Amino acid sequence: YNIYNQPSQEARTITLIPLDSRPCNTQYPQLLAEMVQYSLLTPENSLLDNFLQPSNTAQLWTWLDDAVTQSEQVIIFTNQLFNGGLINSRNSNSYEQIPEQLTQLENFLQKYPDKSITIVTILPRLKPSQFDETLWPYEVALSAWGQTLDQAAANNEPLPPIPAEIPHAIAEQYRNLYECSRQLTLTLADFAKQGLLDRYIIGQDDGEQWCPSNDIIRQLQQIASDNVTIIHGADELTMLLIANMTADNQPTAVNLRYTAPERLKDYYPYEAADLETIINEKLSLANLTLDSEAPYTIIIHNDSEQNALAKRWLQNTDDYYLALADIAYTNKGDPALSSELMDKNSLDRISCAAGWNTAGNSLGTIFAQCRIMDTLSHQYFYLNKQQKKTALAALYQFKFIRLAEDYIYQAILSNPLRSDLENWLLMDYTTAFLPNSQSEAQQILIDRFSPYQTILKESFEGEHQIRLGHQTINFTISQFDGIVVFPWARAFEIQALCTFELTLNH
């Protein structure tokens, strides 16, 4: 693979309207793109959603009309462009302008027939939004009713009546959210079938084995075409798409090793499909194939009681590529593995480790990064010195993020910190900061992260040696500095940022 066979910067730029403004949908895919010399063009933060503040969709359309001329490939999340962001798309009122938005999108697609355009829609989750003051008081009853609605639809049975404890207007608002999503996805699937867009992807957010969005998926499956993909997941999809778009058509073979292979048919928290189904879907989108003899090994740690086995494999596996998809816990990496992963020797030998949010999020992150690393291994020889430094810097920034977010904040600091913030009246039960309390919460975060900041600095600074395929790469990192901040006015996640000097060694 020769990077110089691709003639223009436009061909190596992807325009993205992200799902929302969180780091997982902006910063993470940006770094993956940098590893393979692509630019990711995204709207400035002022145009995007900010927690409970939806984006200005009219301004986003203006930005998109200009940005699309600078790239050949485009990714558009309708939750952002139509609804104002993922959180806002959980409110049925955000669908009131969908007919006009669809007309605007159709005109946009017809205006740029030479662009490769991928549209993504994330279906609503089972639970109503905790920020919806109308529906949230009925969260338990609505969620239980939503599950029975799906069970009845799946079995072609009459739909159950509205439970007595749910007011009729509340029930209709809840059900209307899914019906609005159904009509939107059916229309866009028809756009794809007509060839108006290259690809339409429907993701599913925070589901369970039974949830109303399953019925939408069943209907879409009946009319699916080659350019319509249905996949369980949300926040990891941009990374998988970046990996897919920046690689050639030759698949990457990987060897998956499970710490609990007997749990492949389990439904993990917030997933609407079993583990095996989720894995196969994400492997397909990343263009990864299975081969037990492949020199690319991904350890899937899927049972918290098997952390000793996971640690042993991490220490004793010596392949071209070694990664850890840590799904033993929800919304954190396994704390038993934190010290192992932060060790200086592990930093070079383990290509990536992810253990954040849902099982699907972590799996998608690892599969995307694996595909990106294979692409980089084929490119690396052809890169000039600065391009090599850029790729390696992005790789180690991504490693810092995963350690700081998944294995320090979420695995160690988050629960006691969030408990203290709530007890000290700085945060409410949703993890949202109370008015004028974010700066104080931020300082507490900095203080508690400080010891780990020192540990990471010691691991990152100094000489490094990694393998990219058959190549051994030597380089030195100096002047390392890493910080963590709250990207939104809540304590649910952090944003990890680092700077350093990278010198190639010969």
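Author: Helices (H or I, at least four residues) and strands (E, at least two) are DSSP runs, numbered from the N terminus. The model is a predicted one, where local features need pLDDT of at least 70 and side-chain atom pairs pLDDT 80 or more, while totals for chains, interfaces and linings use all residues. Residues are numbered from 1 along each chain as its sequence is written, and side-chain values use heavy atoms, without hydrogens and water.

Reader: Thanks! Why is Phe51 called buried?

Author: Buried means under 20% relative accessible area, exposed over 50%, and partly exposed in between (1.4 Å probe, protein chains only). Phe51 has a relative accessible area of 8%, so Phe51 is buried. Phe51 sits in the loop between strand E2 (39–41) and helix H2 (57–67), and its phi is near 60°, a positive value in a residue other than glycine.

Reader: And why does Asn357 count as buried?

Author: Its relative accessibility is 14%, so Asn357 counts as buried too. The loop that holds Asn357 runs between strand E11 (352–354) and helix H13 (359–379). Phi of Asn357 is near 55°, again positive in a residue other than glycine.

Reader: What makes the largest pocket a pocket, and how much space lies in it?

Author: On a 1 Å grid over the protein atoms alone, a pocket is an open set of points with protein on both sides within 12 Å along at least five of seven lines, unlike a cavity, where a 1.4 Å probe fits but cannot get out; lining residues have an atom within 4 Å of a point. About 800 Å³ of space lies in the largest pocket. Its lining has 40 residues, and Asn357 is among those closest to the centre, with Arg125, Asp206, Tyr270 and Phe492.

Reader: Which helix gives the largest share of that lining?

Author: H14 does, with 4 residues. H13 and H14 each supply at least two.

Reader: How does that lining divide into nonpolar, polar and charged residues?

Author: Ala, Val, Leu, Ile, Met, Phe, Trp, Tyr, Cys and Pro count as nonpolar, Asp, Glu, Lys and Arg as charged, and the others, Gly among them, as polar. By that rule the lining of the largest pocket has 10 nonpolar, 16 polar and 14 charged residues.

Note on methods
Grid points are joined across faces, edges and corners, and a volume is the space filled by probe spheres set on the points.
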